[in-house]
Amino acid sequence: MNSNQDTTARRPNGIWRLGDILREGTLFLSSRQIENPRLDAERLLCKVMGKRRIDLYLCHDQPVSPAERAGFKNLLLRRASREPLQYILGETEFMSLPFRLSPHVLIPRPETEILVEMVLNLVPVREAVSILDIGTGSGCIAVSLAFYLPRSGITAVDISRSALDIAAENAVLNGVQERIRFQILDIRSPESPPEFESGFRFIVSNPPYISQPEWETLAPEIKNHEPGIALYAGADGLSLHRLVAEKSFDWLQAGGMLILEVGLGQADPAGEILRKKGYRSVASRKDLAGVERIVSGIR
Ligand SMILES: C[S@@+](CC[C@H](N)C(=O)[O-])C[C@H]1O[C@@H](n2cnc3c(N)ncnc32)[C@H](O)[C@@H]1O
């Protein structure tokens with residue numbers, strides 16, 4: 001489907017139907033080596049038509065207007081240029097909750113749900129618990145914890161004002177805005193988050209963790225579209241983990257827990273950073289792919 005290509009002549013009476021353009025869109029994305037061409041074409045067509053996926057099948061004979069077809073083509077071209085599907089849709093799901101997205105925030109990853117589930121497994125649902133989320137991005141961790149722990153109080157910080165705006169929107173979207181305090185904070189600065197004097201029971205963070213060598217190997221969807229500040233973290237990818245471990249030691253209550261997400265091969269060095277700082281019971285946890293993904297320690 002390049003801009004000159006028009007196969008209308010092949011349609012009876014020149015009428016395009018949902019099923020036709022879905023097939024065309026799938027073939028087009030497949031020809032551009034997009035990984036899940038059918039699924040992506042379906043999601044994009046749903047966005048254009050304001051339909052659910054099931055409706056594409058129930059209404060596959062429905063005629064499509066030239067404007068709808070042009071709208072679909074526009075989204076297909078964006079996807080073919082490797083813009084991530086979630087940014088085109090402007091939304092995603094995390095912990096079974098809806099999240100709005102913009103290119104200012106990292107797209108929440110399924111492996112980050114393990115970090116959230118770890119806290120949920122440790123805290124009884126009615127307990128009032130104070131949590132700090134460092135580098136909140138879309139707010140996926142902070143908002144999910146606030147949603148599933150209805151008596152929790154959460155502070156969520158990020159260096160990016162644009163990210164915090166999206167996170168605040170997501171708190172409203174999920175009805176937890178009263179229990180999350182958003183604050184701009186650069187973890188490299190000498191500042192502390194609000195309410196740190198009484199100490200947090202948990203500090204959670206999914207800091208940027210892409211190392212210099214790994215940066216070169218990233219898929220174009222990530223490298224060219226997701227925010228560099230959410231990804232890149234120096235020569236070994238652990239520069240932010242060092243800072244978070246250092247600062248969190250002062251911000252946690254005695255007995256409070258630091259839980260960090262790490263990249264492939266980073267669990268051992270990250271664990272060592274925590275041990276050296278004085279955290280005890282340092283442990284790691286695997287994701288569903290068997291990668292050591294979470295490192296935790298007790299203050
Ligand atoms: C890997 S993203 C994680 C986003 C979200 N928590 C998630 O799990 O999807 C890292 C986040 O850390 C933020 N960040 C990067 N450098 C920072 C710094 N020096 N201080 C505070 N936040 C920072 C980025 O803006 C980004 O939102």
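This is a predicted model: local features need pLDDT of at least 70, side-chain atom pairs count only at pLDDT 80 or more; totals for chains, interfaces and linings use all residues.
Figure 1. The chain carries 12 helices and nine strands. Its C-alpha atoms fill a box of roughly 75 × 40 × 30 Å along the principal axes. Take the contacts between residues at least 6 apart in sequence: 66% of them join residues at least 24 apart.

**Figure 2. The shell around the ligand.** The ligand is surrounded by 23 residues. The closest are Gly 135, Gly 137, Ile 187, Asn 206 and Ala 230. By residue class, the shell holds 13 nonpolar, seven polar and three charged residues.

Figure 3. Helix α4 runs over residues 66–80. Which residues of α4 are buried? They are Phe 72, Leu 75, Leu 76 and Arg 79. These four cover an arc of only 105 degrees around the axis, so they sit on the same side of α4. Pro 66, Ala 67, Ala 70 and Asn 74 are exposed on the other side of α4. The cover over the buried residues of α4 includes α1 (18–31), α2 (37–49) and α5 (85–89). After α4 comes Arg 82, with a positive phi near 80 degrees.

**Figure 4. Helix α7, largely enclosed.** Helix α7 covers residues 140–148. How many of its nine residues are buried? Seven are, so α7 is largely enclosed by the rest of the structure. The buried residues of α7 are Cys 140, Ile 141, Ala 142, Val 143, Ser 144, Leu 145 and Ala 146.

**Figure 5. Ala 270 in helix α12.** Ala 270 belongs to helix α12, residues 267–277. Is Ala 270 buried or exposed? It is buried, because 29 other C-beta atoms lie within 10 Å, and 20 or more are needed. Leaving out residues up to four places away in sequence, Ala 270 touches Leu 238, His 241, Leu 260, Val 262 and Val 295. Val 282 is 12 residues from Ala 270 along the chain. The C-alpha atoms of Ala 270 and Val 282 are separated by 9.7 Å.

Figure 6. Arg 299 is buried, with 22 other C-beta atoms within 10 Å. Which residues is Arg 299 in contact with, leaving aside neighbours within four places in sequence? The contacts are Phe 249, Leu 252, Ala 254, Gly 255, Gly 256, Leu 258 and Tyr 279. One of these, Leu 258, is 41 residues away from Arg 299 along the chain. The C-alpha atoms of Arg 299 and Leu 258 are separated by 7.5 Å.

How values were computed. Residues are numbered from 1 along each chain as its sequence is written. Helices (H or I, at least four residues) and strands (E, at least two) are DSSP runs, numbered from the N terminus. Two residues are in contact if their C-beta atoms, placed from the backbone, lie within 7 Å. A residue is near a molecule or strand if its C-beta atom, placed from the backbone, lies within 6 Å of it. Ala, Val, Leu, Ile, Met, Phe, Trp, Tyr, Cys and Pro count as nonpolar, Asp, Glu, Lys and Arg as charged, and the others, Gly among them, as polar. The expected span of a helix is 1.5 Å times one less than its number of residues. A residue is buried if 20 or more other C-beta atoms lie within 10 Å of its own, exposed if 12 or fewer, and partly exposed in between; C-beta atoms are placed from the backbone. The arc is that of the directions from the helix axis to the C-beta atoms.
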